[in-house]
Amino acid sequence: MQSYLDFEKPLAEIEGKAEELRALARGSEEIEVEREAEALDQKAKALLVSLYKDLSPWRKCQVARHPNRPHCKDYISALFTEFTPLAGDRGFSDDAAVMGGLARFNDRPVVVLGHEKGHDTASRLDRNFGMARPEGYRKAVRLMDMADRFGLPVITLVDTPGAYPGKGAEERGQSEAIARATEKCLGIGVPLVSVVIGEGGSGGAVGLAAGNRVAMLEHSVYSVISPEGCASILWKDAGKMREAAEALRLTAQDLLQLGVVDRVIAEPLGGAQRAPDVAMENVGQAIETMLGELAGLDRKALVADRRKKFLEMGRIALPEPSSFIPSHFPGRDRG
């Protein structure tokens, strides 16, 4: 069943009416409604084009969080063969929020890693909504070490609101685990390509996304903090998440201009959730292209390429939205 975001409610009404007409026709062969249903389909398509023509940053956040978007597990099933999951950090436990293992991508052996949010209540609780604990990042380090040892490219799929901030995670060294994972990403001598398939939240995302090539799906987001968290800090009002989303420059299009990511992957009309197979095929093609760009580079060149990429970040600036800094924020007039 299709789920609709709040700004898609008019679309839900039209598509709902078309489905009602077809349900009536299925119940009685004497009822002919196809012409009316097709007219509603055309109206719905036009409205869908209008809604997604120029999404605001906040609406992109909503789309990135859509429960029906394909998740890491879906991409692994669709794009990889012979996937052998590997579990545990060899220190504390396994973390279901980070999944990974050995696989083949276009018949090439690789290591694939990613955040998994889950699809229903039970799996979301089991996966902790994609919020990894320290053992998840330590598992990622273990798998990247293995990839480095055997010369296997690493592919990461990022989709997390952020690392888990719970008491137990902090006690077990959450910040250190994320830092070690980021360090490992930057230091391995094999190609590392990352794709933000939904949310890329803060250090929890960077711990798997410090790659030679970083791509984002068209309606994914990637930022240092959630819009709600940013609004709570700057405006003391989480309700100002729309202004915060604009100020954070978290869209794929902004981040491409800023040089934070290397490419934007097109999504089907209405977002990846409306045609998951198309979205996953596009991601697969992008991964193949990015791996091709790194082919032939030796260990030293791969590490240098990654270092150069991250050292150059921050040299490009975009115009600052007027809503970025509230009038009461300390230091506003310091330049």
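**Figure 1. Lining of the second largest pocket in the predicted model.** In this predicted model, 16 residues line the second largest pocket, and Pro161, Gly201, Ser223, Ile225 and Ser226 are those that lie nearest its centre. The volume of the second largest pocket is about 220 Å³. At least two lining residues come from each of strand E5 (192–201), E7 and helix H10 (227–234). By class, the lining of the second largest pocket comprises seven nonpolar, six polar and three charged residues.

**Figure 2. Lining of the largest pocket.** The volume of the largest pocket is about 270 Å³. Its lining is formed by 14 residues; Tyr222, Ser223, Val224, Leu255 and Val260 lie nearest the centre. Four elements each supply at least two residues of this lining, namely helix H9 (202–209), strand E7 (221–223), helix H12 (252–258) and helix H14 (299–311). The residues of the lining of the largest pocket divide by class into 11 nonpolar, one polar and two charged. Ser223 is listed among the residues nearest the centre of the largest pocket and among those nearest the centre of the second largest pocket.

**Figure 3. Crossing of helices H8 and H14.** The axes of helix H8 (residues 174–187) and H14 come within 8 Å, with a crossing angle of roughly 125 degrees. Because of this angle, H8 is oblique to H14. On the H8 side, the contact involves Cys185, Leu186 and Gly187, which meet Arg299, Val303, Arg306 and Phe310 in H14. Sorted by class, the residues in the contact of H8 with H14 are four nonpolar, one polar and two charged.

**Figure 4. Salt bridge between glutamate 176 and arginine 138.** The side chains of glutamate 176 and arginine 138 form a salt bridge, with an N to O distance of 2.8 Å. This pair links distant parts of the chain, as glutamate 176 lies in helix H8 and arginine 138 in helix H6 (residues 134–150), 38 residues apart. Across the whole structure, the search finds 21 salt bridges.

Notes:
Residues are numbered from 1 along each chain as its sequence is written. This is a predicted model: local features need pLDDT of at least 70, side-chain atom pairs count only at pLDDT 80 or more; totals for chains, interfaces and linings use all residues. Side-chain values use heavy atoms; hydrogens and water are left out. On a 1 Å grid over the protein atoms alone, a cavity is a set of points where a 1.4 Å probe fits but cannot get out, and a pocket is an open set with protein on both sides within 12 Å along at least five of seven lines; lining residues have an atom within 4 Å of a point. Grid points are joined across faces, edges and corners, and a volume is the space filled by probe spheres set on the points. Ala, Val, Leu, Ile, Met, Phe, Trp, Tyr, Cys and Pro count as nonpolar, Asp, Glu, Lys and Arg as charged, and the others, Gly among them, as polar. Axes are lines fitted to C-alpha atoms, for helices over the stretch in contact, and angles run from 0 to 180 degrees between N-to-C directions. Angles under 35 degrees count as roughly parallel, over 145 as roughly antiparallel, 65 to 115 as roughly perpendicular and the rest as oblique. Contact means heavy atoms within 4.5 Å. A salt bridge is a side-chain nitrogen of Lys or Arg within 4 Å of a carboxyl oxygen of Asp or Glu.
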